Amino acid sequence: MLSRIYIKNFALIDTLDVSLHNGLQVITGETGAGKSIILGALRLILGERADVKSISSAEEKSIVETEFALNNQFKKFFIENDLDYEHQTIIRREILPSGKSRAFINDVPVTLDVLKELSSQLIDIHSQFETSNLFTPEYQFKIIDGLSENKTLIEEYQNEYSDFQSLKTQLKKLQSQLLENRKESDYKTFLLNELEELKLDDVDYEELQNQLSIQENAGMISENIGQILSRFHQEEVGILSFFNEAKNKLSRIAEVSGSFSELNERLETSFVELKDIISELEHEVERIEINPENLAVLTDLNNKINALLLKHNVSDLNELIELRDQLAGEQKGASELEAAIEEIEENISQKQKTLQSLAEKLSENRKKTISVFISKAEGLLKKLGLEKARVDIELKDVPEFNLFGKESIQLLFQANSGFPLKPIQTAISGGERSRVMLAVKKIIAESDELPTLILDEIDTGVSGKVAEEIGNLMRDMSADMQLIVISHLAQVAAKGNNNYKVLKQDIAGKTQSTIVPLSEEEKLNEIAQLLSGSKITEAALAQAKELIG
């Protein structure tokens, strides 16, 4: 329930602060007094675009603040949006002189999307010409589902439908990935085979280069080592013979003079190291074999590796191995994609069965209720002066599931007898729209918990008995909800549980609009004025008393 409206520095409003109550709240006032300004401010709470031109005083910010009495059903919204739940919740919009606007819920800054999501569940503003939503399938399904007591069923269906749509999106994405993979599959398989053929894990690239260099230079290596060994082993003039002779002489010197002992030991060590070097050279020269076939194998392997390094623009063998593993993983990934697609397709098939079952139940309930809707709607329209009006709801099966089942809906209407029913958007006139919408709102109010409903002069153009019926209808609707009505009809004003008047006054040379609650006496005078004009007559007062009852 909307319990308070506070507006500051907005258009002609300097400061407005009014408390509201449950039941039928009727707002009256002369044309141009500022009723539309109040509605414009409330639309900011619904998340509509803020206009800096609405600021009255350019030096100050404009504020629109509403207070709502909430029940626990809204706690989930507050938890999901990380907000503090308060039974008395305050929603505020601020328009800064710079043109920027800010939104708050219980003093916590929120985005306009969050603001809209909450406020749309709290207020429904309906003006005289705002009936386009009556033409939408969403609204028409809401009418019939409310009467069919399909609320729990439609929620279950829509949850399943949401999962179904999500699965279809996932499937489409995976199929696209698989298709893309298959386009490159042959080429990637060729690259993988090319890399696997070389058995890169068994290759020591540095050793390969070494062995290749040895094979390419085997002749030169053997020749030089042979010459080295020859110099070492020559009889009498060989290096080894001279080295041995020098070692023996130094040994004798060391025996007579201790100062040469260290040099003698160093020479002994060097002699042993030299003999070891000669032994290893002899071993290596025996291993070296000029083998053209081995050279060809090593050269081929080296060329293939170098070609792949160049082809894939990598610098070493490890990067080639990483690329090979990546390609192998992608091949495995393709198999996993196929398995995932198969699993999702199975889930989709199961969802379709569930949706089909729920859609059939929804449709069955709706078809049973169409006659109830026709009876209620036509009965209300007769009271509202449309005695010849006929309505119907047409449900048709469709091939694909939608948000409301597996059928389409069309509300049919005809205001005159002797003519066929047509889709309401093509058959209804401007003068009939508001009364049809009022009848529909009344039907919805009987079966669903509506938010605060604000009706803005939808009773324009009616009078007499029809006006009386509109007032009665609004009073009935307000028994289970808060209904705020802006009206010029005395018959409607008389039914108000609480009445308010919008006034426009000159204060300190400045025109200002405000709203004031009316006492019982002021309510009586206001109704009489609506009946008789600016001059209140005794007859008008008497009639006003009769209307109030």
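## Charges over aromatic rings

In this predicted model, the charged end of Lys406 is placed over the ring of Phe401, at 4.8 Å from the ring centre.

## Aromatic pairs

Phe401 also belongs to a cluster in which ring pairs link it with Tyr157, Tyr161 and Phe164. The count of aromatic pairs comes to six. One of them joins Phe141 and Phe404: the ring centres are 4.8 Å apart and the planes lie at 10 degrees, so the pair is stacked. Phe141 belongs to helix α4 (residues 137–147), whereas Phe404 lies in the loop between β9 (390–402) and β10 (405–414); the pair therefore ties together parts that are 263 residues apart in sequence. Both Phe141 and Phe404 are buried.

The pair of Tyr157 and Tyr161 is likewise counted as stacked, because the ring centres are 6.0 Å apart and the planes are at 15 degrees. Both residues lie in helix α5 (residues 151–197), four residues apart, or about one turn of the helix. Tyr157 counts as buried because its relative accessibility is 0%; Tyr161, at 13% relative accessibility, counts as buried too.

The domain assignment gives domain 1 (1–122 + 451–518) and domain 2 (180–335). Their C-alpha centres are 91 Å apart.

Asp476 lies in helix α14 (residues 464–477) and, with a relative accessibility of 42%, counts as partly exposed. From Asp476 to Leu310 the C-alpha to C-alpha distance is 85 Å, and the two are 166 residues apart in sequence.

Methods
Residues are numbered from 1 along each chain as its sequence is written. This is a predicted model: local features need pLDDT of at least 70, side-chain atom pairs count only at pLDDT 80 or more; totals for chains, interfaces and linings use all residues. Side-chain values use heavy atoms; hydrogens and water are left out. Helices (H or I, at least four residues) and strands (E, at least two) are DSSP runs, numbered from the N terminus. Buried means under 20% relative accessible area, exposed over 50%, partly exposed in between (1.4 Å probe, protein chains only). Domain bounds come from an automatic or database domain assignment. Rings of Phe, Tyr and Trp (its six-membered ring) pair if their centres lie within 6.5 Å; planes under 30 degrees apart count as stacked, over 60 as edge-to-face and the rest as tilted. A charge sits over a ring if NZ of Lys or CZ of Arg is within 6 Å of the ring centre and within 35 degrees of the ring normal.
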